[in-house]
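Subject: Structure handover

Hello,

Please find the structure below, for you to take over. My notes on it follow.

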Amino acid sequence: MYTYNDFDKSFIATRNSQFRDQVERRIDGSLTEDEFKPLRLMNGLYLQLHAYMLRVAIPYGTLNGGQMRQLAFIADKWDKGYGHFTTRQNIQYNWPELRDVPDMLDALAEVGMHAIQTSGNTIRNVTADHFAGASADEIADPRPVAELIRQWSTDHPEFQFMPRKFKIAITGSPNDRAVTRAHDIGLRMVEKDGEAGFEVIVGGGLGRTPMIGKVITNFLPQEDLLPYLESVVSVWNQIGRRDNKYKARIKITVHEHGIEEIRRLVNERFAIVKGSFSGIDQVRLAQYKTHFAAPDFTVKAKAVFKDAYHSDPIFRSWADTNLSAHKADGYSIVSISIKKQGDTPGDATSDQMRLMADLAETYGHNELRISHEQNVILPHVHKSDLPALHAALKEQDLATANIGLISDIIACPGMDYCALATARSIPIAQEIATRFDDLKLEHEIGNLKIKISGCINACGHHHVGHIGILGLDRAGVENYQVTLGGDHTETAKVGDRAGHGFTAKELVPAIERVVDAYLDLRTGKDEEFIETYRRLGLAPFKAALYPEAQADAA
Amino acid sequence: MTILVTDTGFTADTWDQGYTPFGEAANDVVSIDVPADTNPADIEITPTLKMVRIDFPSFADGRGFTIARMLRLTGYTGRLRAHGHVISDQYPMARRIGFDEVEISQDLAARQPQEQWKFRADWKDNDYQDRMRG
Ligand code: HEM
Ligand code: SF4
């Protein structure tokens, strides 16, 4: 893991004292609320429905036990004893007081963390594959590059007052778990003739105008990365629209100018910008790689795992759903579900955080990850430790066996916390999860991603859910629109709108009809929902959603 | 009267040759006023050019930073001034990107007195760009 050097420490300490000063100057009137706003946003502080919200970066989703324990401490001391893990590998505190925020930032700095550029019209916290450095299928660990991007983008003088926010995601695996095609820039690590480089995707994004990103170059040599990123952002900072915030993201710029024109402008700028990088970044990159060296994997017998697997059906069910293949023999990647049916997706209590910190230290080489699916991951656990780990997780309600299943729902905060919401999303997630849990159908249904947003801004990624749910307001009544067939992976696709929306009451039965239709139509248990959908298209599912239309037609 | 801000704080404006609006500039122009929506590639860097003043219509509009950087990267070495709604918290960004100075209104100077600007005269410290670019 990356550890802060003296430069990073001094940077954060100075930045925090500047923010402390900005808070005071806001209070004494030197800064207007308008002027204070972007300054607090670039330090992660939002004003929400009930209170301020502090969004803390977990860069590329990686943290250690000590950091997780500090997040728990902050939740207890300055919030209500819990935090909310988000789809962008952040943790949000929903109840801080403005005057406490500088102290919270200092507490984060103690463990090498910050909230810089988690909001505002800046380059945001860079996200990465949450299985990085552990999964069996990756070409290279993307995190050293992500760290390089973090440093380059932090406090970048050209890019603090851009048309809109800018999000970068990176994956080192051909199986895209970082949703790179739905980011302003997506980076896929690739190799060409033995040389390391990137496929660069620009102009993806969800929100009110969902767009799948377009490839701007299919091979960028590794050493050109920072100047190239800088060129893309610089061109957009110049020509991106500032007259309408809904047209400001780079996806609209790419759409309006066309990818060829953007490519031409970027190449032109790259020719100028490239010379301002001496190459020192590549020396640093080589150093950072050593920070992310794999832990010393141990070799020991796996008999304990086999015994538990055969004798304990609850452990078996958890192992079948919550483990993923690790690159090291005898190891597994463990996904801890923060989505117990009926709870708020992504909310973790301070006790749960402390337990996960302890378990990471005891069984997981002191590493944790936050996934964009709002779960916590222990990337390196030896199989023989899994039964003990599972038993410990059960104590804190963290052993739910539902990773990838219908109750592993992504939901945005919605009406419960968000000032922009047009409908509730958390309660809908809770209802769906509870319903299918009661039916005991979840494991039978298998892999199925439901994603819910409480308004058109799409923080819950509903466009790329196998089943996407968008909560709107129709004359004061919540109305939920359903999209089907979305995909967030390397075969990314925006889901198809099924038809008219449903009231909150009608929604869960409607989802149940879609799922029943799938169970009916699939060729067998091996055919996942999304595969059946791809084979048959929208029609049969639409018929299931709107049986009354069928009846009318008959 | 406007106020000029440099690393030493507030000073009187020392530039007395005025500005030619960008677009009316001839080959022998000495100083130009550049609006925020200018394409930096259209600014011709002639041997006589001594002063470029870039407008910031609002502190939230960061296009001027890109124009300044592109001018510096394409070889402009004369005086470079940020003009308009720039706040003291942006001073280090302006300096790091290549501006020499910032010109602000009396009103803004009254609200953000010179200590608040001098507080950020340490803009050379703690700069990640330095470490990434070398
Ligand atoms: C509760 C306070 C929040 C507010 C006010 C808020 C506001 C917004 C807005 C206005 C957008 C659209 C931006 C645009 O298209 O230009 C957006 C996008 C987004 N938000 Fe949030 N958000 C909030 C919470 C969250 C949370 C908790 C998450 C994670 C679970 C999240 C994840 C995202 C993501 C991933 C996008 C990107 C969609 C895209 O543009 O590609 N947001 N948010
Ligand atoms: S999707 Fe809408 S309701 Fe949900 S968090 Fe984003 S802005 Fe708020």
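Strand S18 of chain A is mostly covered, with six of its eight residues buried. The model is a predicted one, and that applies to everything in this email. S18(A) has two partners in these notes. With S17(A) the pairing is parallel and runs over four bridges; Ile452(A) has Ile469(A) in S18(A) as its bridge partner. S18(A) and S19(A) form a hairpin with two residues between the strands, and in it Ala475(A) has a positive phi near 50°.

Cys459(A) lies in the loop that links strand S17 (450–453) to strand S18 (467–474) of chain A.

Elsewhere in chain A, five strands make an open antiparallel sheet, ordered S3-S14-S15-S12-S11. Strand S3 (62–63) and strand S11 (323–325) of chain A each have a single partner strand, so one side of each lacks a neighbour in the sheet and they stand at its edges. Within the sheet, strand S12 (residues 331–336) and strand S15 (residues 376–382) of chain A are joined by five bridges in the antiparallel sense, with Ser332(A) opposite Val381(A) in S15(A). Helix H11 (residues 313–322) of chain A packs on this sheet, where it touches S11 and S12 of chain A, and its direction makes about 45° with that of S11(A).

Helix H2 (residues 33–41) of chain A has Glu35(A), Phe36(A), Pro38(A), Leu39(A), Arg40(A) and Leu41(A) as its buried residues. What covers them? The cover includes helix H1 (6–28), strand S1 (45–47) and strand S2 (52–57) of chain A, and also helix H3 (106–111) of chain B.

Chain B has an open sheet of seven strands with mixed pairing, in the order S2-S1-S7-S6-S5-S4-S3. Its edge strands, strand S2 (9–11) and strand S3 (20–21) of chain B, pair on one side only. Strand S5 (residues 51–56) and strand S6 (residues 79–84) of chain B run parallel and are joined by six bridges; Ile54(B) is opposite Ala82(B) in S6(B). Helix H1 (residues 63–73) of chain B packs on the sheet and touches strand S4 (31–34), S5 and S6 of chain B, its direction making about 160° with that of S5(B).

Last, the overall figures for chain A. The chain has 19 helices and 20 strands, and its C-alpha atoms fill a box of roughly 65 × 60 × 55 Å along the principal axes. Buried residues are 63% of the 554. Of the contacts with a separation of 6 or more, 67% are between residues 24 or more positions apart. Chain A exposes about 19800 Å², of which carbon and sulfur atoms supply 50%.

Regards

Key:
Residues numbered from 1 in each chain as written. Chains lettered and ligands numbered in written order. Predicted model: local features only at pLDDT ≥ 70, side-chain atom pairs only at ≥ 80, totals over all residues. Heavy atoms only, no water. Buried < 20%, exposed > 50% of the residue type's maximum accessible area, 1.4 Å probe, protein only. Contact = heavy atoms within 4.5 Å. Pairing = 2+ DSSP bridges. Axes fitted to C-alpha atoms, helices over the stretch in contact; angles between N-to-C directions. Areas by Shrake-Rupley, 256 points an atom, 1.4 Å probe, with all protein chains shown as cover.
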